[in-house]
Amino acid sequence: MKAVLSKETGGPETLVVEDIEAPTPGKGEVLIDVAACAINFPDTLIIRDMYQFKPPRPFAPGGEISGTIEALGEGVEGFAVGDKVICGVGNGGLQEKVAVSAARLFKVPEGIDLVQASALLMTYGTTIHGLKDRGDIKEGETVLVLGAAGGVGLSAVELAKAYGCRVVAAVSTEEKGEVAKKAGADEVVIYPRAPFDKDTSKQLANDFKAAVGPDGADIVYDIVGGDYSEPALRSIAWEGRFLVIGFPAGIAKMPLNLTLLKSCDIRGVFWGAFTAREPERNNQNIAELFDLWKAGKINPLVSETYPLARAHEAIAKLENRGAIGKLVVTMD
């Protein structure tokens, strides 16, 4: 079978496509014939040895897949050959077949396309955990989403709207703003490229305040980090919740006096650790996501697909913050 391999530390240009032996499912595992692998920000980090987990080389990046069960290992119950599934694999998704623990699988309901389904788990899984479990989201609140046109950002726009909230989408271009509006955003803020000087940071804070309204944002969903975080924090409501999701623009240094003045919380959202610590709650969240999808309240946006041989291009585009929605590599 073919696989995209990281054989040396570096960027997307270091990845190679090679033929490797197909895996065999062990006890409690299934063999998946992969249909699609969605690209996520950790894929840009893991090949540079900058992610929390550093698998031994050679390895295939790719953290979430969809596909069809081809074979069952010993002791697997609740699944059958031919079932359509999605799962998070951490890494190893950019290959034609994957052996994975059956405990990590979620069945894909009838009528949902496998390519689109590959874009659900990490983005919407992160966001439903962030907004519900960490953000205590309530109907009628105002939610400010940074990086609102990427895969995670659009999931935050859609889910916040599904929960009855007013959404302000912060993006870097007019094009991305239109995508966020189509996903349901009520207001859009176009922010400049960092780094910011003091005046630019102050202006962005004022733009956020104007968009969220005089009472402030009850939830700030920060996927971006860097110079964007402090202006967003300045627009937060009294007893608001600032959710820390990721740092593609760098790790922010936050003035903690603002948390005192607003009596607000800064809360981390580590979905990967949550799935390991509380699998049943995560299972409930994923089931809720499929219900929302079937009800037409969410609709994961796959903006581009790439063949396996061009997977490095998808990772490079995401790394350069050029992606709108999700980029997906298909195996056909």
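These questions and answers concern a predicted model of a protein.

Trainee: How many helices and strands does the protein have?
Mentor: The model is predicted, and both kinds of element occur in it. The count is eleven helices and 15 strands.

Trainee: Why is the protein said to be as compact as a globular protein of its length?
Mentor: For 332 residues the globule rule gives 20 Å. The radius of gyration is close to that value, so the protein is as compact as a globular protein of that length. Along the principal axes, the C-alpha atoms fill a box of roughly 60 × 40 × 35 Å. The radius of gyration itself is 20 Å.

Trainee: What share of the residues counts as buried?
Mentor: Buried means under 20% relative accessible area. Applied to the 332 residues of the protein, this gives 52%.

Trainee: Which residues touch the most other members of the largest nonpolar core?
Mentor: That core has 46 residues. A second, separate core has 34 residues, including Ile32, Leu45, Val85 and Ala311. In the largest core, the residues that touch the most other members are Val145 and Leu159.

Trainee: Which residues is Val145 in contact with, leaving aside neighbours within four places in sequence?
Mentor: Contact means heavy atoms within 4.5 Å. With those neighbours left aside, the contacts of Val145 are Gly153, Ala156, Val157, Val167, Val168, Ala169, Ala170, Tyr221 and Ile223.

Trainee: How far apart do the centres of the positive and negative side chains lie?
Mentor: The protein has 35 positive side chains and 45 negative ones. The centres of the two sets are separated by 4 Å.

Conventions. Residues numbered from 1 in each chain as written. Predicted model: local features only at pLDDT ≥ 70, side-chain atom pairs only at ≥ 80, totals over all residues. Heavy atoms only, no water. Helix = DSSP H or I, 4+ residues; strand = E, 2+ residues; numbered from the N terminus. Rg over C-alpha atoms; globule rule 2.2 N^0.38 Å. Buried < 20%, exposed > 50% of the residue type's maximum accessible area, 1.4 Å probe, protein only. Lys, Arg positive; Asp, Glu negative; His and termini not counted. Charge placed at Lys NZ, Arg CZ, Asp CG, Glu CD. Core = buried A, V, L, I, M, F, W, Y, C linked by side-chain atoms within 4.5 Å.
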